[in-house]
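I opened my notebook to get to know a new structure. Here is what I looked up, entry by entry.

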Amino acid sequence: MTTVPADEASDSEVHVREAERADLLAVFHIEQEAFPQPWPFSAFERFLDEPGFLVAQVRDDADSRETATAGYVVADVVPNHGEALGHVKDIAVAEECRGRGVGRGLLQQALTVLATENVASVKLEVREANETAKRLYRGFGFEQRGRLPRYYSNGEDALVMVRDF
């Protein structure tokens, strides 16, 4: 298990680990809460063996030993003109856990996993209007390298952001 310090504004810790079958229902609920076009449950099942399918857990409260699934990331490696390219396909944090360093912890660990796969760079797509996510990605060195017009069902563009290693 990897422990990632959470935001300094919070005294909780974020624990990031590989996803297991038992995590799928919580991941699916977070996906449905976070996105107007959620992935189907079966999509998460297909990524179960990927080392870049990670979940974050946080303590329910400071006095509790119980943890709750706070978020997840799905990242994998795809071929790209003869080089390995990391792809962050999906990342989400439960609404009640936002602002606690969960997204940062998940992205950091996903990048670490992708680095061990010897990728030359990592890409992701983000809604043009999602300023919070874009700020997080820029903080990890991602830069906008393209735009996918009308990528989302509501006609919104996606920005393609890339980080080189």
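Before anything else, I noted what pairing means here: two strands pair if DSSP finds at least two bridges between them. I also noted that this is a predicted model.

I started with E5 and E6, which run parallel and are joined by 4 bridges. For one example I looked up leucine 85, whose bridge partner in E6 is serine 121. I then followed the chain from E5 through H3 to E6, a β-α-β crossover that is right-handed.

On to strand E4 (residues 67-80), which pairs with E5 in the antiparallel sense over 10 bridges. Here I found asparagine 80 bridged to glutamate 83 in E5. E4 and E5 make a hairpin with 2 residues between them. In that turn, histidine 81 has a positive phi of about 50°.

How many residues of strand E5 (residues 83-93) are buried? I got 8 of its 11, so I wrote the strand down as mostly covered, taking buried to mean under 20% relative accessible area.

**Entry: the nonpolar core**

Next I looked at the largest nonpolar core, which has 43 residues. Phe53, Tyr72, Val102, Leu106, Tyr137 and Phe142 are the members that touch the most others. Helix H3 (residues 102-116) gives the most to this core, with 7 residues.

I picked phenylalanine 53 and listed what it touches, leaving out residues up to four places away in sequence. Among its contacts are Leu24, Val27, Phe44, Phe47 and Leu48. Tyr72, Val73, Val74 and Ala75 are also on that list, and so is Arg17.

**Entry: methionine 161**

Is methionine 161 buried or exposed? Its relative accessible area is 2%, and because that is under 20%, I wrote it down as buried. Methionine 161 sits in strand E8 (residues 158-164).

I checked a residue well along the chain from it, too. Lysine 123 is 38 residues away in sequence, yet the C-alpha atoms of lysine 123 and methionine 161 are separated by 5.6 Å. Beyond its neighbours within four places in sequence, methionine 161 is in contact with residues including Val122, Lys123, Leu124, Tyr137 and Phe142.

**Entry: salt bridges**

I reminded myself that side chains of opposite charge can pair when their charged atoms come close. The count of salt bridges comes to 10, and I looked at some of them.

Arginine 17 forms one with aspartate 23, with the closest N and O atoms 2.8 Å apart. Arginine 17 is buried at 17% relative accessible area, and aspartate 23 is buried at 6%.

Then I turned to glutamate 156 and arginine 127, whose side chains meet in a salt bridge at 2.9 Å, N to O. This pair links distant parts of the chain, 29 residues apart: glutamate 156 is in the loop between strand E7 (143-148) and E8, and arginine 127 is in strand E6 (residues 121-127). Both glutamate 156 and arginine 127 are buried.

My last pair was arginine 147 and glutamate 128, with the closest N and O atoms of their salt bridge 2.7 Å apart. Arginine 147 is in strand E7, while glutamate 128 is in the loop between E6 and helix H4 (131-139). Arginine 147 counts as partly exposed, at 39% relative accessibility. Glutamate 128 is partly exposed as well, at 31%.

Methods
Residues are numbered from 1 along each chain as its sequence is written. This is a predicted model: local features need pLDDT of at least 70, side-chain atom pairs count only at pLDDT 80 or more; totals for chains, interfaces and linings use all residues. Side-chain values use heavy atoms; hydrogens and water are left out. A nonpolar core is a set of buried Ala, Val, Leu, Ile, Met, Phe, Trp, Tyr and Cys residues joined through side-chain atoms within 4.5 Å. Buried means under 20% relative accessible area, exposed over 50%, partly exposed in between (1.4 Å probe, protein chains only). Contact means heavy atoms within 4.5 Å. A salt bridge is a side-chain nitrogen of Lys or Arg within 4 Å of a carboxyl oxygen of Asp or Glu. A crossover is right-handed if, with the strands pointing away from the viewer, the path from the first strand over the helix to the second runs clockwise.
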